[in-house]
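Take a look at the model below.

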Amino acid sequence: MSGHDPFQRVTAIVDLGNVERNCVTLAAKLAPGTELCAVVKADGYGHGMGECADAALRGGASRLAVATATEAFELRERVGAEVPIFVMGALTGAELDVALQARAELTVWRTEFFEALAERAGLFGFRPRLHVKYDTGMGRLGDREPAAIARLADAAAADERVELAGVWTHFATADEDDDTFLREQLDRFREVALPIAERHPEITLHAANSAATLRGREFHFGMVRCGVAIYGLDPFGRDAAAQGLEPALALHTYVADVKRIHAGESVGYGRSWRAPADTWVGVLPVGYGDGYRRGLSNVAEVAIDGMRRPLVGTVSMDNVTVDLGPETDIAPGQPAVLVGEQGDARVDAELLAERLGTINYEITTGLTRRVPRAYRT
Ligand SMILES: *Cc1c(COP(=O)(O)O)cnc(C)c1O
C-alpha cells in the first residue's frame, strides 16, 4: 500500500525506503567483514516487523534479531529459510521449542539451559547455533563469571548436537556522553571473548547496539546489532539527521472540529488547561488509546497548517485538543501531524520523548494496534 486516505482518523506512515537507506548508511560505517544485524523486535519498534525486516535486508543487513520465540517464528515465515534470525532473550521450555522450530539462533549462559537445549535439538534434526552471553556490566541476562563463559563456549564447540556461533555482550551506557563504563565493559568483553575466538576462529563476536555502532569501530567486532537507528531514530536522543539517519515513521491525523473557547473556559478532563484569552481550539480524534501518551497533556506540540502548535488540556483515550490561537483559518478536515514534518514545522519522536521524560524508542514502540500502518517504499 502506498499513500493513505487523508481523511483516515490516524495513520502511521512508514517509509521503508528510509529504513533501507538507514541500513546502507550504517553498513557503510562498518569495518569490512562486519555484519549488520537489524533488530526488529517489538514489531519493528512499532514500525512493522516483517516490512522493516525486508527493507533492512535490501539495505545490506545480513541478519535479523528479535527478543522472543514468537517473533522469530513469525519472522521466519516472512523472510524464508536462509536469513539467520537471532533470538536475544531468555526462553522458557515451551518457547525454546518454538524458537527451534523457527530455526533461530539462540542465546545461552546457564549450563542447565544449555543441556536442555542440546537434548531438545535432537528432536528437531539440526544443530542450533548458539551465542554465549557474557554479562560485562548490564546486569541483566548473561553470566558474569569469565571462567564460566569460557567453559560454556568450549563445551558448546565440543558438543556434536549444537554449534558455537558467537560470544556476545550488551552495553549499558553506549548512549551516554561519559564513556568510562562503556570502556570498562569493552575491556572486560575483549579479555574474555578474544581468547575464545582464538580457539574457535569461526565464531562471531558482537557487542554493539546502535549507539555503540555510531561511536566507532572498536565496538563493532564481527557484527553489530542495530535497532533504533535503522528506523531513523537517534540513539542519543538528539538529532537523527546529524547521524545521517532519516526517521521512517510519521503519525498523521486531522482536525475533526474547531471551536471558540473564551478566556477562562477549559477543555478536556479535569480542566487541566484554561484559556488565558479568547482563542480557537482544534480537536484531533487521537489519544492514548492509539499510544499518544497521556503524559503529553499540556506539553506536546502538533504541526497544523505548517506551524507547531501547543497541545492543551488532558490527552484522553480518543481525543486531544490544540490551541490554534486567537485568529485562525484552520477548518475541520485539515491534516495534522503528531510525529513528522509538515512544511517547515517538525515534531520529532525525540521532541515528544523529551517532553515525556522518556526515550524516542517508546514513542514509536508504544503506538497501539488501533493505528493502521501505511507503507511507502
Ligand atoms: C534491543 C537490543 C538491541 C538494539 O538496541 P538499539 O539501541 O535499538 O540499537 C541490541 N542488543 C540487544 C541485546 C537488545 O536487546
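Start at helix H3, residues 49-58. Its buried residues are Met-49, Gly-50, Cys-52, Ala-53, Ala-55 and Ala-56. Buried means under 20% relative accessible area, exposed means over 50%, and partly exposed lies in between (1.4 Å probe, protein chains only). Helices (H or I, at least four residues) and strands (E, at least two) are DSSP runs, numbered from the N terminus.

This is a predicted model: local features need pLDDT of at least 70, side-chain atom pairs count only at pLDDT 80 or more, and totals for chains, interfaces and linings use all residues. Residues are numbered from 1 along each chain as its sequence is written, and side-chain values use heavy atoms, with hydrogens and water left out.

What do the buried residues of H3 pack against? They meet helix H1 (16-28), strand E2 (35-39), helix H2 (41-45), strand E3 (63-66) and helix H4 (69-79). Just after H3, Gly-60 takes a positive phi of about 110°.

Now find strand E6, residues 129-133. Four of its five residues are buried, so E6 is largely enclosed by the rest of the structure. E6 pairs with strand E5 (residues 105-108) in the parallel sense, over three bridges. Two strands pair if DSSP finds at least two bridges between them. Val-132 in E6 is the bridge partner of Val-108. E6 also pairs with strand E7 (residues 163-168), again in the parallel sense, over five bridges. Here Val-132 stands opposite Val-167.

E5, helix H6 (residues 111-124) and E6 make a right-handed β-α-β unit. E6, helix H7 (residues 146-158) and E7 make a right-handed β-α-β unit too. Right-handed means that, with the strands pointing away from the viewer, the path from the first strand over the helix to the second runs clockwise.

The domain bounds come from an automatic or database domain assignment. The C-alpha centres of the two domains lie 41 Å apart.

A contact means heavy atoms within 4.5 Å.

Two loops deserve a look. Most residues other than glycine have a negative phi. Arg-271 has a positive phi of about 55° although it is not a glycine. Arg-271 lies in the loop between strand E12 (266-267) and strand E13 (273-274). Asp-305 has a positive phi near 55°. Asp-305 sits in the loop between strand E15 (301-304) and strand E16 (307-312). Asp-305 is partly exposed, at 47%.

Finally, step back. The protein chain has eleven helices and 20 strands. Buried residues make up 53% of its 377 residues. Along its principal axes, the C-alpha trace spans about 75 × 40 × 35 Å.
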